[in-house]
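This report describes the architecture of a predicted model.

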Amino acid sequence: DGLGHTIRNLAINQPSASEIGLFFFTWNGFSVRNLGLINVNASGSYDVSGLVGANAGSVSNSYATGNVNGSRHVGLLIGSNLGPVDNSYAVGNVAGNTGVGGLIGKHTTVNGNEIVSNSCAMGSVSANGSEPAFIGGLVGDNEGTINNSCALNSVSGSTGSDGSTYVGGLVGRNGNINSSNSPGISNSYAT
């Protein structure tokens with residue numbers, strides 16, 4: 001529990017490393033809450049973020065501002081997410097190749113509890129890689145549930161090697177939602 005404290009000017013420069021963030025990986029049962037990152041600058045390869053590189057725990061009442069760049073699954077708050085995220089936000093610039101989102105790079109639901117809710121992202125999101133790109137203002141590659149959330153970003157991307165790019169104001173790709181555990185997106189918007 002961060003108890004409302006903030007961390008300023010966190011810098012991580014590991015361009016060939018994975019699971020980059022203040023917390024590189026959080027296990028199921030681990031909770032990050034009531035914590036802010038101000039002016040974070042992070043770079044890495046896979047699962048890159050300011051707060052949690054790969055999250056299997058929960059994140060709530062937390063935020064990150066700054067700049068993050070990487071290759072795959074890049075988000076300002078969380079790179080790759082398998083846990084619930086609530087009442088959190090990100091403000092800044094995110095760049096990568098695929099699975100690039102303002103808040104979360106890739107969001108996946110396993111048992112239905114991994115819901116992104118009451119969260120928002122603002123700033124810019126871009127991708128310019130050679131692979132098929134999934135770029136979204138909130139989540140780049142979504143295979144889970146998003147409720148009551150928003151994205152206020154400029155989003156851009158270039159065409160991937162197979163000629164495809166999935167660019168969306170809220171999510172870049174909304175796929176693999178084929179069970180009752182993953183009802184998709186509700187009460188959310190992008191501008």
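## Pairing around strand β5

In the predicted model, Val40 has Gly66 of β9 as its bridge partner. This bridge belongs to a parallel pairing between β5 and strand β9, residues 63-69, which extends over six bridges.

Strand β5, which covers residues 35-43, also pairs with strand β1, residues 5-8; the two run in the parallel sense and share four bridges. One of the bridge pairs here is formed by His5 and Leu35, the latter in β5. A further parallel pairing, over three bridges, links β5 to strand β2, residues 11-13. In that pairing, Asn13 is placed opposite Ser43 of β5.

## Asn39 within β5

Asn39 is also a residue of strand β5. Its phi lies near 60°, a positive value in a residue that is not glycine. Most residues other than glycine have a negative phi. Asn39 has a relative accessible area of 36%, and is therefore classed as partly exposed.

## The open six-stranded sheet

Six strands form an open sheet in the order β3-β7-β11-β15-β19-β23, and their pairing is parallel. The edges of this sheet are β3, residues 23-26, and β23, residues 171-174, each of which pairs on one side only. Averaged over the sheet, neighbouring strands are turned by 10° against each other, with direction ignored.

At the β3 edge, the neighbour is strand β7, residues 52-55, which runs parallel to β3 and is joined to it by three bridges. Within this pairing, Phe23 has Val52 of β7 as its bridge partner.

Apart from neighbours within four places in sequence, Gln14 contacts Ile20, Ser43, Gly44 and Ser45. Ser43 is also the residue of β5 that stands opposite Asn13. The C-alpha atoms of Gln14 and Gly70 are 9.4 Å apart, although 56 residues separate the two in sequence.

Glu19 is found in the loop between β2 and β3 as well. Although Glu19 is not a glycine, its phi is positive, at about 55°. With a relative accessible area of 28%, Glu19 is partly exposed.

Is Asn153 buried or exposed? Its relative accessibility is 11%, and the residue therefore counts as buried; the cut-off for this class is under 20%. Asn153 is located in strand β21, which spans residues 150-157.

With residues up to four places away in sequence left aside, Asn153 touches Gly102, Ala121, Met122, Gly123, Ser124, Val125, Gly137, Leu138 and Thr191.

## Overall dimensions and composition

The protein contains 25 strands and zero helices. Along the principal axes, its C-alpha atoms fill a box of roughly 45 × 40 × 30 Å. The radius of gyration is 14 Å; a compact globule with 191 residues would have a value near 16 Å, so the protein agrees with that expectation.

Of the 191 residues, 53% are buried. The protein exposes about 7,700 Å², and carbon and sulfur atoms supply 48% of this area. Among contacts with a sequence separation of 6 or more, 77% are between residues 24 or more positions apart.

Note on methods
Residues numbered from 1 in each chain as written. Predicted model: local features only at pLDDT ≥ 70, side-chain atom pairs only at ≥ 80, totals over all residues. Heavy atoms only, no water. Pairing = 2+ DSSP bridges. Buried < 20%, exposed > 50% of the residue type's maximum accessible area, 1.4 Å probe, protein only. Contact = heavy atoms within 4.5 Å. Axes fitted to C-alpha atoms, helices over the stretch in contact; angles between N-to-C directions. Rg over C-alpha atoms; globule rule 2.2 N^0.38 Å. Areas by Shrake-Rupley, 256 points an atom, 1.4 Å probe, with all protein chains shown as cover.
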